[in-house]
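Subject: Handover of a structure

Dear colleague,

Please find the structure below, followed by an account of what was found in it.

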Amino acid sequence: MPVGEVETPRRRHDLFSVIELIPESCIARLDPQKIFGRAAPLHVDLGCGDGAFLFALATRMPEKNFLGIERLASRVEKACRKAARIDNMRVLRMESFYAVRYLLPERSVEAFHLLFPDPWPKRRHQRRRIVAEDFLRTIWAALEENGILRIATDHLDYFTRISQLAEESSLFAFMQPSGENDFPVSAFEKKFTSTGARIYRLELRKISPVM
Ligand SMILES: C[S@@+](CC[C@H](N)C(=O)[O-])C[C@H]1O[C@@H](n2cnc3c(N)ncnc32)[C@H](O)[C@@H]1O
(Lines give C-alpha, C1' and ligand atoms only; values in the text may rest on other atoms or scores of the structure.)
Protein backbone atom coordinates (compact mmCIF):
# COMPACT_ATOMS: atom_id res chain seq x y z
CA MET A 1 0.00 0.00 0.00
CA PRO A 2 1.47 3.43 -0.89
CA VAL A 3 2.81 5.38 2.10
CA GLY A 4 0.17 7.61 3.66
CA GLU A 5 -2.77 5.70 2.19
CA VAL A 6 -5.34 4.51 4.71
CA GLU A 7 -6.35 0.86 4.73
CA THR A 8 -10.14 1.15 4.68
CA PRO A 9 -12.23 -2.03 5.13
CA ARG A 10 -13.08 -1.89 1.42
CA ARG A 11 -9.44 -1.55 0.38
CA ARG A 12 -8.45 -4.36 2.74
CA HIS A 13 -11.12 -6.54 1.16
CA ASP A 14 -9.81 -5.83 -2.35
CA LEU A 15 -6.25 -6.58 -1.37
CA PHE A 16 -7.00 -9.76 0.51
CA SER A 17 -9.28 -11.07 -2.23
CA VAL A 18 -6.10 -11.60 -4.25
CA ILE A 19 -3.84 -12.71 -1.40
CA GLU A 20 -6.25 -14.90 0.56
CA LEU A 21 -7.57 -17.60 -1.71
CA ILE A 22 -11.27 -18.20 -1.45
CA PRO A 23 -11.76 -21.27 -3.65
CA GLU A 24 -14.77 -21.12 -5.94
CA SER A 25 -15.54 -24.68 -4.99
CA CYS A 26 -14.47 -26.99 -2.18
CA ILE A 27 -14.01 -29.87 -4.57
CA ALA A 28 -12.46 -28.32 -7.69
CA ARG A 29 -8.67 -28.39 -8.01
CA LEU A 30 -6.89 -25.05 -7.70
CA ASP A 31 -5.03 -23.69 -10.70
CA PRO A 32 -1.67 -22.42 -9.40
CA GLN A 33 -0.88 -20.68 -12.69
CA LYS A 34 -4.11 -18.66 -12.44
CA ILE A 35 -3.66 -17.93 -8.73
CA PHE A 36 -0.12 -16.58 -9.10
CA GLY A 37 -0.48 -15.25 -12.65
CA ARG A 38 2.47 -17.32 -13.81
CA ALA A 39 3.83 -20.86 -13.96
CA ALA A 40 6.64 -21.36 -11.42
CA PRO A 41 7.73 -24.06 -8.95
CA LEU A 42 5.33 -24.16 -6.02
CA HIS A 43 6.23 -24.43 -2.31
CA VAL A 44 3.46 -25.07 0.23
CA ASP A 45 3.70 -24.38 3.98
CA LEU A 46 1.24 -26.55 5.92
CA GLY A 47 0.03 -24.85 9.11
CA CYS A 48 1.89 -21.68 8.16
CA GLY A 49 0.92 -19.83 11.35
CA ASP A 50 1.62 -16.11 11.05
CA GLY A 51 3.40 -16.66 7.72
CA ALA A 52 6.80 -15.39 8.94
CA PHE A 53 8.70 -18.39 7.58
CA LEU A 54 6.93 -18.42 4.22
CA PHE A 55 7.25 -14.67 3.77
CA ALA A 56 11.01 -14.85 4.40
CA LEU A 57 11.38 -17.79 1.99
CA ALA A 58 9.25 -16.14 -0.71
CA THR A 59 11.33 -12.99 -0.40
CA ARG A 60 14.51 -15.03 -0.81
CA MET A 61 13.19 -16.87 -3.89
CA PRO A 62 11.17 -14.44 -6.02
CA GLU A 63 11.28 -16.89 -8.94
CA LYS A 64 9.05 -19.40 -7.11
CA ASN A 65 5.42 -19.40 -5.90
CA PHE A 66 4.52 -19.89 -2.23
CA LEU A 67 1.23 -20.98 -0.71
CA GLY A 68 0.55 -20.97 3.04
CA ILE A 69 -2.27 -23.12 4.42
CA GLU A 70 -3.58 -22.38 7.90
CA ARG A 71 -6.87 -23.00 9.66
CA LEU A 72 -6.85 -20.24 12.30
CA ALA A 73 -8.39 -17.01 11.01
CA SER A 74 -6.26 -14.70 13.17
CA ARG A 75 -3.05 -16.30 11.87
CA VAL A 76 -4.32 -16.28 8.28
CA GLU A 77 -4.85 -12.55 8.63
CA LYS A 78 -1.29 -12.01 9.88
CA ALA A 79 0.08 -14.14 7.03
CA CYS A 80 -2.01 -12.17 4.50
CA ARG A 81 -0.60 -8.89 5.77
CA LYS A 82 2.89 -10.17 5.04
CA ALA A 83 1.89 -11.70 1.70
CA ALA A 84 0.40 -8.39 0.57
CA ARG A 85 3.93 -6.93 0.50
CA ILE A 86 5.20 -9.34 -2.17
CA ASP A 87 3.88 -10.86 -5.41
CA ASN A 88 4.63 -14.53 -4.97
CA MET A 89 2.81 -15.55 -1.78
CA ARG A 90 -0.83 -16.54 -1.24
CA VAL A 91 -2.69 -17.86 1.78
CA LEU A 92 -5.50 -20.38 2.05
CA ARG A 93 -7.60 -20.71 5.21
CA MET A 94 -8.33 -24.40 5.33
CA GLU A 95 -7.51 -27.68 7.01
CA SER A 96 -4.19 -28.75 5.49
CA PHE A 97 -4.92 -32.40 4.80
CA TYR A 98 -8.19 -31.58 3.05
CA ALA A 99 -6.51 -28.89 0.93
CA VAL A 100 -3.69 -31.19 -0.19
CA ARG A 101 -6.03 -34.13 -0.82
CA TYR A 102 -8.79 -32.33 -2.71
CA LEU A 103 -7.56 -28.93 -3.91
CA LEU A 104 -3.93 -29.20 -4.95
CA PRO A 105 -3.42 -30.74 -8.38
CA GLU A 106 -1.44 -33.96 -8.54
CA ARG A 107 2.29 -33.52 -9.19
CA SER A 108 2.07 -29.75 -8.74
CA VAL A 109 4.25 -29.08 -5.69
CA GLU A 110 8.04 -28.85 -5.62
CA ALA A 111 8.26 -28.78 -1.81
CA PHE A 112 6.03 -29.02 1.23
CA HIS A 113 7.15 -27.51 4.53
CA LEU A 114 5.54 -28.88 7.68
CA LEU A 115 7.09 -26.97 10.54
CA PHE A 116 6.18 -27.78 14.11
CA PRO A 117 2.91 -29.58 13.46
CA ASP A 118 0.82 -29.92 16.63
CA PRO A 119 2.33 -32.97 18.42
CA TRP A 120 -0.75 -33.99 20.42
CA PRO A 121 1.43 -35.54 23.14
CA LYS A 122 -1.34 -37.30 25.08
CA ARG A 123 -1.78 -40.87 23.87
CA ARG A 124 -5.55 -40.56 23.51
CA HIS A 125 -5.10 -37.47 21.28
CA GLN A 126 -2.44 -38.90 18.99
CA ARG A 127 -4.92 -39.87 16.29
CA ARG A 128 -5.33 -36.11 15.71
CA ARG A 129 -1.74 -35.83 14.49
CA ILE A 130 -1.63 -34.77 10.87
CA VAL A 131 1.17 -37.09 9.81
CA ALA A 132 -0.25 -40.55 9.27
CA GLU A 133 -0.11 -43.12 6.46
CA ASP A 134 -2.86 -41.39 4.50
CA PHE A 135 -1.23 -38.02 4.82
CA LEU A 136 2.06 -39.31 3.39
CA ARG A 137 0.26 -40.90 0.43
CA THR A 138 -1.60 -37.66 -0.22
CA ILE A 139 1.57 -35.57 -0.03
CA TRP A 140 3.25 -38.05 -2.38
CA ALA A 141 0.48 -37.60 -4.97
CA ALA A 142 0.68 -33.79 -4.83
CA LEU A 143 4.48 -33.70 -5.16
CA GLU A 144 6.30 -33.43 -8.46
CA GLU A 145 8.78 -36.15 -9.29
CA ASN A 146 11.63 -35.85 -6.74
CA GLY A 147 9.61 -33.30 -4.78
CA ILE A 148 10.48 -32.74 -1.14
CA LEU A 149 8.59 -32.92 2.15
CA ARG A 150 10.46 -31.04 4.90
CA ILE A 151 9.42 -31.56 8.49
CA ALA A 152 10.71 -30.01 11.70
CA THR A 153 9.50 -30.67 15.22
CA ASP A 154 10.72 -30.30 18.78
CA HIS A 155 8.83 -33.45 19.77
CA LEU A 156 11.02 -36.57 19.71
CA ASP A 157 8.17 -39.08 19.95
CA TYR A 158 6.33 -37.52 17.00
CA PHE A 159 9.58 -37.31 15.03
CA THR A 160 10.28 -41.01 15.63
CA ARG A 161 6.76 -41.95 14.56
CA ILE A 162 6.97 -39.84 11.38
CA SER A 163 10.33 -41.42 10.48
CA GLN A 164 8.85 -44.88 11.02
CA LEU A 165 5.80 -44.13 8.86
CA ALA A 166 8.01 -42.75 6.06
CA GLU A 167 10.23 -45.81 6.19
CA GLU A 168 7.27 -48.20 6.07
CA SER A 169 5.60 -46.33 3.19
CA SER A 170 8.53 -46.80 0.75
CA LEU A 171 7.21 -43.71 -1.08
CA PHE A 172 10.11 -41.50 -0.02
CA ALA A 173 13.88 -41.52 0.19
CA PHE A 174 15.45 -40.04 3.30
CA MET A 175 17.62 -37.05 2.47
CA GLN A 176 20.28 -35.37 4.52
CA PRO A 177 18.14 -32.66 6.20
CA SER A 178 19.00 -29.07 5.32
CA GLY A 179 21.00 -27.32 8.02
CA GLU A 180 19.37 -24.86 10.40
CA ASN A 181 20.83 -21.98 8.40
CA ASP A 182 19.59 -23.13 4.99
CA PHE A 183 16.01 -21.95 5.55
CA PRO A 184 14.47 -19.02 7.39
CA VAL A 185 13.53 -19.65 11.00
CA SER A 186 9.80 -19.97 11.67
CA ALA A 187 8.05 -18.24 14.58
CA PHE A 188 7.71 -21.50 16.51
CA GLU A 189 11.27 -22.54 15.80
CA LYS A 190 12.39 -19.24 17.32
CA LYS A 191 10.17 -19.85 20.32
CA PHE A 192 11.38 -23.43 20.88
CA THR A 193 15.09 -22.74 20.40
CA SER A 194 14.88 -19.84 22.85
CA THR A 195 13.92 -22.40 25.51
CA GLY A 196 16.87 -24.62 24.54
CA ALA A 197 14.69 -27.28 22.93
CA ARG A 198 16.33 -29.61 20.41
CA ILE A 199 14.90 -29.47 16.90
CA TYR A 200 14.50 -32.69 14.90
CA ARG A 201 14.46 -32.39 11.11
CA LEU A 202 13.46 -34.75 8.36
CA GLU A 203 13.67 -34.30 4.60
CA LEU A 204 11.91 -36.80 2.38
CA ARG A 205 12.21 -37.01 -1.40
CA LYS A 206 9.39 -38.49 -3.45
CA ILE A 207 10.35 -41.69 -5.20
CA SER A 208 8.31 -43.88 -7.47
CA PRO A 209 7.99 -47.37 -6.05
CA VAL A 210 9.21 -50.13 -8.34
CA MET A 211 6.17 -52.05 -9.61
C1 LIG B 1 2.81 -25.06 16.34
S2 LIG B 1 2.14 -24.02 15.14
C3 LIG B 1 3.49 -23.84 13.97
C4 LIG B 1 3.29 -22.64 13.06
C5 LIG B 1 4.39 -22.43 12.01
N6 LIG B 1 4.51 -23.58 11.13
C7 LIG B 1 5.72 -22.16 12.68
O8 LIG B 1 6.58 -23.04 12.64
O9 LIG B 1 5.87 -21.06 13.23
C10 LIG B 1 1.05 -25.10 14.25
C11 LIG B 1 0.18 -24.33 13.29
O12 LIG B 1 -0.49 -25.25 12.46
C13 LIG B 1 -1.87 -24.88 12.41
N14 LIG B 1 -2.57 -26.13 12.17
C15 LIG B 1 -2.57 -27.23 12.96
N16 LIG B 1 -3.24 -28.24 12.38
C17 LIG B 1 -3.68 -27.75 11.19
C18 LIG B 1 -4.43 -28.32 10.14
N19 LIG B 1 -4.84 -29.59 10.19
N20 LIG B 1 -4.69 -27.56 9.06
C21 LIG B 1 -4.28 -26.26 9.00
N22 LIG B 1 -3.56 -25.67 9.96
C23 LIG B 1 -3.25 -26.42 11.05
C24 LIG B 1 -2.17 -24.25 13.75
O25 LIG B 1 -3.30 -23.42 13.71
C26 LIG B 1 -0.88 -23.49 13.99
O27 LIG B 1 -0.91 -22.21 13.41
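The shell around the ligand consists of 7 nonpolar, 4 polar and 5 charged residues. In this classification Ala, Val, Leu, Ile, Met, Phe, Trp, Tyr, Cys and Pro are nonpolar, Asp, Glu, Lys and Arg are charged, and the others, Gly among them, are polar. Please note that this is a predicted model, in which local features need pLDDT of at least 70 and side-chain atom pairs count only at pLDDT 80 or more, while totals for chains, interfaces and linings use all residues. Residues are numbered from 1 along each chain as its sequence is written, and side-chain values use heavy atoms, with hydrogens and water left out.

Of the 16 residues around the ligand (a heavy atom within 4 Å), those that come nearest are Glu-70, Arg-75, Glu-95, Ser-96 and Ser-186. Polar contacts are pairs of N or O atoms within 3.5 Å; within protein, one must be able to donate a hydrogen and the other to accept it, and residues adjacent in sequence count only if both atoms are side-chain atoms. Glu-70 places a polar side-chain atom 2.6 Å from an oxygen atom of the ligand, and a polar side-chain atom of Arg-75 also lies 2.6 Å from a ligand oxygen atom. From the backbone, a polar atom of Ala-187 is 3.3 Å from an oxygen atom of the ligand. The ligand alone exposes 590 Å², of which the protein buries 91% (Shrake-Rupley method, 1.4 Å probe).

A colleague
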